Amino acid sequence: MSEESSESVESIETSEPSETSAVINLVQQEHPAAILSTHRHRSDETLVLKREFIQPICRLLRDHPDCQFEMFVDLTAVDYLLVETNLQQTERFEVVYHLRSLSKDHRIRLKCPVPENDCQIPSIHLLWHAVNWYERECYDMYGIHFEGHPNLNRILMYEQFQGHPLRKDYPMDKQQPLLELNDVEERYHYGRFE
Amino acid sequence: MSASELTTISAEELKPIHLPGAIIPAPPEESDTSIMRIEIGPAHPAMHGIVRLTTYLDGEQIVGMVPEIGYLHRGFEKESENSKWIQVIPYTDRLNYVSPVLNNIGYSMAVEKLFGVEIPRRAQFARVIMGEISRITDHLTCLAACAMEVGGFTFFLWFIKAREYLYELLEQVTGGRVTINWTRFGGNGTDFPDGFLKEVEVRLEKVREVIEEGDQLVTRNKIFIDRMKNIGVLSKDKAISYGFTGPLLRACGVPYDIRRADPHLVYDELDFEIPIGEVGDSYDRFLVRMEEMKQSISIIEQAIDKIPYGPVMTRERYLGYPDKKEVYGSIEGLIDHFKMVMEGHHPPAGEVYQPIEGGNGELGFYLVSDGSGDPVKCRVRPPCFNYVQAMPELALGHYVADIVAIFGSINMIGGELDR
């Protein structure tokens, strides 16, 4: 068992030889200050960025003829509170983007560390239609503010919900206060406007 | 973060896409009574699952719509983060409950990718066969409900009958019809019972007949075409920007199928065609799904011809559960089993994203492991999240009665949408 366990804690960097792809080289050329690190694990390419640069880099990835990531696949966040690991994250949260190019047939993952005491990141909702709801979901679940989002409201939870359920410090068995029925009725008036 | 630190670029520089977002008309004047707001759902028979569409009408024409989701949110991710890796498999059954096998396969493949192992070939073929059966049940359910909502009740009953043939097949292998919990990391929970593959062929023949009958009943039916044609059209570029995948994107004319684009399992050894539509309306989605079922049947038949004999579970230690014969017959097997059950799986630290072609589109699992045996993150990328987001755009300018024709054809599954 000792052999297996020592194998299982191998770090990401050593697990596969790093061969930088054309996309990563391009981003390195265009925005050398933006990249914190890159890695390739199980054939998934990852770029770790400074959050300030997320808008220009996403624009570059979408529009540059060598990249053409015209499909926005997924957006989520990871909370590393209390996680002791060698994943080498620097801040509590990490916002994770997945992009896919149909014409070039490749994928990429972008990650932006976001500190706990300044929980915000520029919104990229102007670049793809799909981003709008994903950013709302991420805000709902983790409380990360997407600056410039036109409608940053809760999407899966209800408006009066307190806290952000996917944060690691939100207890599993926490109960929420009951809603006053009045609020609900006032909010939803049906029928013709008068 | 102060404003000066931010490298934001102006809106023009970003070359923004035309963004309708949630189309909410400006609050009408007091005297303006031309805009009416009605709530469709959450508990409406034409809403598959629970979703609310706040619809703004001018006369009977839709001028705005705000979908509201989350009524079926059960905290899949929170539950998963507080479980062991293997305990998440039953939860995945409950995501898309009309094609549970595909969810099982997607999650197991993601964990196997985290481990970096390949599963035995027989297990891969078995996953293809079961997955395609599941895809047919998904499409049958979607089309049946879609046709019923526009008035074709016979079609509904026939297709649900065909779905039942296939559910009974799933039951023979897994013991359950809907919540099946079949795959394991490194292979499948059970091998096929004796005579199963013959039975599959017999039943597929029956299903093919039902599809043929349904095709004759509905596809060229004037009433059906009038209800579906040119309803809910979305252009190619917009569909890609909205993150459409699966049958909906193919109906818009983009031949993007993850079985071909990111080959997984043994799909690259099997021969099948990717049907695409022309316009991207509800009728095209119907036709694409009809054709895909036929392709799935052909995939299953090829897989049955090619499936090799062998184990269905990897021999990798501390990944696959040992065979029951070993557990009860040898001390090593018993110890392995005990350690697996008590300690769970320990995937090496890292993160993976594994997409598969679900019944409805790209089903992605993004997993993060810290090597401790508990998932740090277990994220599902549901395909229909994007479809419901695009509902305002699909419905704009149509009439109230068209909402069911559009909503039926995007095949929203509540369990997967709200997780």
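His98(A) has Arg109(A) as its bridge partner in strand E5 of chain A. This pair belongs to an antiparallel arrangement in which nine bridges link strand E4 (residues 93-101) of chain A to strand E5 (residues 106-114) of chain A; strands here are DSSP runs of type E with at least two residues, helices are H or I runs of at least four, and both are numbered from the N terminus. The model is a predicted one, with local features requiring pLDDT of at least 70 and side-chain atom pairs counted only at pLDDT 80 or more, while totals for chains, interfaces and linings use all residues. Residues are numbered from 1 along each chain as its sequence is written, chains are lettered from A and ligands numbered from 1 in the order in which they are written, and side-chain values use heavy atoms, without hydrogens and water.

E4 and E5 sit within an open, five-stranded sheet of chain A with mixed pairing and the order E1-E2-E5-E4-E3, where pairing requires at least two DSSP bridges between two strands. Strand E1 (35-41) and strand E3 (71-79) of chain A form the edges, each pairing on one side only. Neighbouring strands are turned by 20 degrees against each other on average, direction ignored. Helix H3 (residues 22-30) of chain A lies across E1, strand E2 (44-49) and E5 of chain A, at about 15 degrees to E2(A). Helix H5 (residues 131-142) of chain A, in turn, lies across E3 and E4 of chain A and runs at about 10 degrees to E3(A). Axes are lines fitted to C-alpha atoms, for helices over the stretch in contact, and angles run from 0 to 180 degrees between N-to-C directions.

Leaving aside neighbours within four places in sequence, Leu110(A) is in contact (heavy atoms within 4.5 Å) with residues including Leu47(A), Ile54(A), Val96(A) and Leu99(A). Leu110(A) is also among the residues touching the most other members of the largest nonpolar core, which has 171 residues; Tyr107(B) is another. Such a core joins buried Ala, Val, Leu, Ile, Met, Phe, Trp, Tyr and Cys residues through side-chain atoms within 4.5 Å. Helix H4 (residues 121-149) of chain B gives the most to this core, with 12 residues.

Chain B has 17 helices and eight strands, and 61% of its 419 residues are buried, meaning under 20% relative accessible area with a 1.4 Å probe and protein chains only. In strand E8 (residues 375-381) of chain B, seven of seven residues are buried. Strand E7 (residues 362-369) of chain B pairs with E8(B) in the antiparallel sense over six bridges, and Val368(B) has Lys377(B) as its bridge partner.

How values were computed:
Buried means under 20% relative accessible area, exposed over 50%, partly exposed in between (1.4 Å probe, protein chains only).
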